[in-house]
Amino acid sequence: MEIFFKHSLTYIVVGQARIVRPAPQTRVDMQKKMEDHLRQKYAPGFYAGTTICNEILKFIFEFYEEGLNRLLPNIATSRWVGEILFQNEEAGKASRAFKLGELADDDSNYWQETGPKIQQSLDLICEKLAEIGETDKVSGLWQTQIPDFENVLLCAEKCVEYANVSNHTFMVAPNATSIKINAVGEDPYFEHVVDDLNHDLMADYHRQNRKEVTLREQYLEKSFDPFDHQYHAKVLNEPFCKVFGITYTEFQALVTAAPANMEKIESHKKAPMCLKDHLLTNLAAYYGFPFESVNAVINNLILDKSIPRQVWNSRQYNRINKRPFLEFQSKGRTVIMWSHKKVEDYLTLLDSELAFNKTPHGWKHKPLTDAISEIARNAGKWFERSVIAQLEKLGFSGRSIKDKTFNKFPDIKFECGEIDYLGYHAATKCLAIFEFKFFETGFDARGIRQVKSAFLEGDDAYVPIFEKKIAWINNNLSFIKSYFEAEHHIQIPCNLHDLKSTFITYYPTPLNLFFLNPRCKSLVQFVEDFQTKELWPY
């Protein structure tokens with residue numbers, strides 16, 4: 001992997017992207033300061049348990065956060081904001097090449113390990129600079145500010161790293177982590193260890209998610225796309241206009257107009273900076289939209305500097321991936337700056353959130369929430385159709401079971417809730433119950449905890465509800481066999497007493513960290529596993 005220097009800054013080349021990095025000596029100096037800071041409070045030794053481990057991790061995090069907050073005002077200039085926005089573009093370029101498998105092995109391994117942390121730290125710096133709310137806050141030659149800039153990069157990266165590690169320790173694996181502080185002179189001076197099983201399961205989860213990016217589409221119904229913004233517009237145009245005075249289609253045009261009419265951001269000098277009043281007035285005049293509507297829509301997408309960025313809270317709405325425009329005071333004027341890539345990321349995330357029934361910030365009005373619920377319902381039905389089609393290709397015959405399915409059988413009390421699909425595979429003599437979940441997951445600890453809560457916590461969680469359905473089928477197996485034969489001409493052997501079961505999800509989930517039965521597999525995983533073994537794979 002190539003490393004080069006330009007204007008006293010250190011860059012690495014990942015594919016076609018130029019990624020700015022802290023100089024090696026900056027890392028050495030910062031690590032020495034951190035080691036001295038840690039040893040002031042904690043003696044060499046082995047520390048186990050979620051309480052003490054999180055206490056140490058928080059202590060380290062606060063060191064880097066203090067450094068970040070102290071140094072950021074020193075680089076609050078349009079030159080450095082431009083550099084960070086340019087780096088967002090470059091990191092996006094590297095990430096795209098990584099996902100498409102276009103990177104050389106060394107570059108791919110590097111980006112897999114470091115890329116997410118780089119992207120998150122760049123986002124954090126943008127969000128923190130927006131809190132300051134001023135550019136050109138300091139004077140002097142930018143070359144003299146390079147040490148502070150490199151330390152800001154490093155502190156932000158370490159804030160992201162230790163916030164993620166602490167969240168994982170507290171929320172996901174409280175009994176699977178330990179910390180070792182080595183004696184003075186030993187390298188490394190600090191070790192955070194996750195037990196092998198937890199580490200391997202998380203690695204498998206990440207690996208499967210990366211694999212499915214390019215595979216998932218072939219298993220899904222092609223006649224409908226619940227993530228398509230044109231479909232969303234058909235549902236949202238009218239309610240959006242009632243709330244904001246413009247349609248959803250017009251909203252999309254507004255958001256994309258500013259990046260579309262600017263040059264590519266190929267250096268810090270190309271980062272866009274527009275007077276806010278001019279931008280809003282010009283957009284309203286160009287499209288013929290009411291100024292009030294343009295003002296409301298764009299302001300809703302500007303990072304709010306009055307809301308402090310909480311690094312540990314990855315689900316905070318006041319983040320650049322959900323509010324991609326930055327507002328600053330520059331020489332007495334209010335200006336807007338942005339990264340084209342972050343605007344693109346926002347629109348992609350918006351398409352996903354609408355499909356998963358998430359209401360964006362500022363949209364909580366009944367006409368809009370009702371429309372978003374309709375989009376999500378149709379997305380769930382689409383996923384069910386897609387899964388059933390794949391099960392039938394594998395050789396399953398069956399049906400869903402609704403509340404009224406057994407109405408003409410008065411002796412049958414069906415009180416366990418609707419069953420998404422009960423199918424028989426004649427070739428392998430396998431009877432299986434399936435529960436489909438069009439469910440958004442996540443790599444971060446909060447996303448993993450959200451999945452765990454939805455599946456496991458409380459009587460209304462997915463697992464206990466599914467277990468009731470499994471129990472009902474087992475308790476009524478003789479009736480099910482006769483019903484399938486009489487109503488659907490599906491003959492299930494009299495001596496078959498083993499019912500298989502699994503959840504099938506849209507994305508892979510990290511649930512193997514918490515339970516193994518019933519199984520929970522993504523659609524891609526299940527189809528591939530069944531085809532590989534040519535029988536029930538679990």
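Trainee: Let's start with lysine 429: in which loop is its place?
Mentor: Helices (H or I, at least four residues) and strands (E, at least two) are DSSP runs, numbered from the N terminus. With strands named in that way, the place of lysine 429 is in the loop between β11 (419-425) and β12 (430-437).

Trainee: Before we go on, which pLDDT do local features need in this predicted model?
Mentor: Residues are numbered from 1 along each chain as its sequence is written, and side-chain values use heavy atoms, with hydrogens and water left out. In this predicted model, totals for chains, interfaces and linings use all residues, side-chain atom pairs count only at pLDDT 80 or more, and local features need pLDDT of at least 70.

Trainee: Back to lysine 429: is this residue buried or exposed?
Mentor: Its backbone has a positive phi of about 50°, although lysine 429 is not a glycine. Buried means under 20% relative accessible area, exposed over 50%, and partly exposed in between (1.4 Å probe, protein chains only). Lysine 429 has a relative accessible area of 56%, so the class is exposed.

Trainee: And where does asparagine 357 lie?
Mentor: Asparagine 357 is another non-glycine residue with a positive phi, near 65°. With a relative accessible area of 39%, asparagine 357 counts as partly exposed. Asparagine 357 lies in the loop between α11 (340-355) and α12 (366-394).

Trainee: How far apart do the C-alpha centres of domain 1 and domain 2 lie?
Mentor: Domain bounds come from an automatic or database domain assignment. That assignment gives domain 1 (11-218), domain 2 (229-369) and domain 3 (395-533). The C-alpha centres of domain 1 and domain 2 are separated by 27 Å.

Trainee: What area is buried between domain 1 and domain 2?
Mentor: Buried area is the accessible area (1.4 Å probe) that two parts lose on being put together, summed over both. Carbon and sulfur atoms give 63% of the area between domain 1 and domain 2, and the total is about 2500 Å².

Trainee: Which three residues supply 23% of the area that domain 1 buries against domain 2?
Mentor: No other three residues of domain 1 supply more of that area. The three are Leu85, Glu89 and Glu127.

Trainee: Which helix gives the most to the side of domain 1 that touches domain 2?
Mentor: α2 (50-71), α3 (78-99), α4 (105-132) and α5 (146-172) each supply at least two residues of that side. With eleven residues, the helix that gives the most is α3.

Trainee: How many salt bridges does the rule find across the interface of domain 1 and domain 2?
Mentor: A salt bridge is a side-chain nitrogen of Lys or Arg within 4 Å of a carboxyl oxygen of Asp or Glu. A search of the whole structure finds 31 salt bridges. Across the interface of domain 1 and domain 2, the number is four.

Trainee: Which residues do salt bridges that share partners join into one network?
Mentor: Lysine 342 and aspartate 123 meet through their side chains in a salt bridge (3.1 Å, N to O). Salt bridges that share partners make one network of Asp123, Lys341, Lys342 and Asp345.

Trainee: How many residues apart are glutamate 90 and arginine 18?
Mentor: These two form a salt bridge, with their closest N and O atoms 3.9 Å apart. At 3% relative accessibility glutamate 90 counts as buried, whereas arginine 18 counts as partly exposed at 27%. Glutamate 90 is in helix α3 and arginine 18 in strand β3 (residues 17-21), and the pair links distant parts of the chain, 72 residues apart.

Trainee: Why are arginine 207 and aspartate 204 separated by about one helical turn?
Mentor: Their side chains meet in a salt bridge (2.3 Å, N to O). Arginine 207 is partly exposed at 44% relative accessibility, and aspartate 204 is partly exposed at 39%. They are about one helical turn apart because in helix α6 (residues 196-212) their spacing is three residues.
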